[in-house]
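Please keep both in view while reading.

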Amino acid sequence: MNASTDDVVVVGLGMMTAVGLSAAETAASVRAGMMRCADTKWIDDHLEPFPMAQVMEEGLPELSESLCKDRHISPLESLLLRLGTQPIVECLTALGTSRP
């Protein structure tokens, strides 16, 4: 297959989900029918706990020391960085690049 400049070619993927910390783990969990929904501390309009599937804290990588010291990074931004790190590394690995 010859790819033209207009073609999109997917050469790798990465993900971190409530049922897997990598694309392979997530795919296996989904095939097995696993779900990890649980009540959260958030409440809905009826003051009931809101069920949600979340990545467990133990599965998230730590931020680098320099990012931990950066007071300009909000808790949400910190969480998003931690959620995105492994999937990006997983994508780059498929390209044959070394870990950043």
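Where is the place of Leu47?

## Basis of the report

Leu47 is found in the loop between strand S1 (37-43) and S2. The structure is a predicted model, in which local features need pLDDT of at least 70 and side-chain atom pairs count only at pLDDT 80 or more, while totals for chains, interfaces and linings use all residues. Residues are numbered from 1 along each chain as its sequence is written, and side-chain values use heavy atoms, with hydrogens and water left out.

Helices and strands are DSSP runs, numbered from the N terminus; helices are H or I runs of at least four residues, and strands are E runs of at least two. A residue is called buried under 20% relative accessible area, exposed over 50%, and partly exposed in between, with a 1.4 Å probe and protein chains only.

Leu47 has a positive phi of about 60° although it is not a glycine. Most residues other than glycine have a negative phi. With a relative accessibility of 63%, Leu47 counts as exposed.

## Strand S2 and Pro51

Strand S2 covers residues 49-53 and includes Pro51. The C-alpha atoms of Pro51 and Cys37 are 6.0 Å apart in space, although 14 residues separate the two in sequence. Once neighbours within four places in sequence are set aside, Pro51 is in contact (heavy atoms within 4.5 Å) with Ala38 and Asp39.

## Helix H1

The buried residues of H1 are Ala23, Thr26 and Ser29. Viewed down the axis of H1, these residues fall within an arc of 130°, so they line one face of the helix. The arc is that of the directions from the helix axis to the C-beta atoms. The buried residues of H1 pack against helix H3 (75-94).

On the face of H1 turned away from its buried side are the exposed residues Ala24 and Arg31.

## Salt bridges

How many salt bridges does the structure hold? There are 3, a salt bridge being a side-chain nitrogen of Lys or Arg within 4 Å of a carboxyl oxygen of Asp or Glu. Arg82 forms a salt bridge with Glu57, the closest N and O atoms being 2.9 Å apart. Because Arg82 lies in helix H3 and Glu57 in the loop between S2 and helix H2 (65-69), this pair ties together parts that are 25 residues apart in sequence. Arg82 also forms a salt bridge with Glu62, where the closest N and O atoms are 3.9 Å apart. That pair links distant parts of the chain as well, with Arg82 in helix H3 and Glu62 in the loop between S2 and H2, 20 residues apart.

Arg82 is buried, at a relative accessible area of 11%, whereas Glu57 is partly exposed at 47% and Glu62 is exposed at 68%. A further salt bridge joins Glu65 and Lys69, with the closest N and O atoms 3.0 Å apart. Both residues lie in helix H2, 4 residues apart, which is about one turn of the helix, and both Glu65 and Lys69 are exposed.

## Ser78 in helix H3

Ser78 lies in helix H3. Is Ser78 buried or exposed? Ser78 is buried, with a relative accessible area of 19%. Apart from its neighbours within four places in sequence, Ser78 is in contact with Leu63 and Ile73.

## Cysteines

A disulfide is taken to be a pair of cysteine sulfur atoms within 2.5 Å, and by this rule the count comes to 0 disulfides. Cys68 counts as exposed, at 52% relative accessibility, and Cys91 counts as partly exposed, at 30%.

## A nonpolar surface patch

Which residues form a nonpolar patch on the surface? Val9, Val11 and Leu95 do so, with about 270 Å² of accessible area together. Patches are made of residues with over 30% relative accessible area and no salt bridge; like charges are joined within 9 Å, and nonpolar side chains (Val, Leu, Ile, Met, Phe, Trp, Tyr) within 5 Å. Accessible areas come from the Shrake-Rupley method with a 1.4 Å probe, and for residues only the protein chains shown count as cover.

Val9 is located in the segment before helix H1 (23-31). With a relative accessible area of 47%, Val9 is partly exposed.
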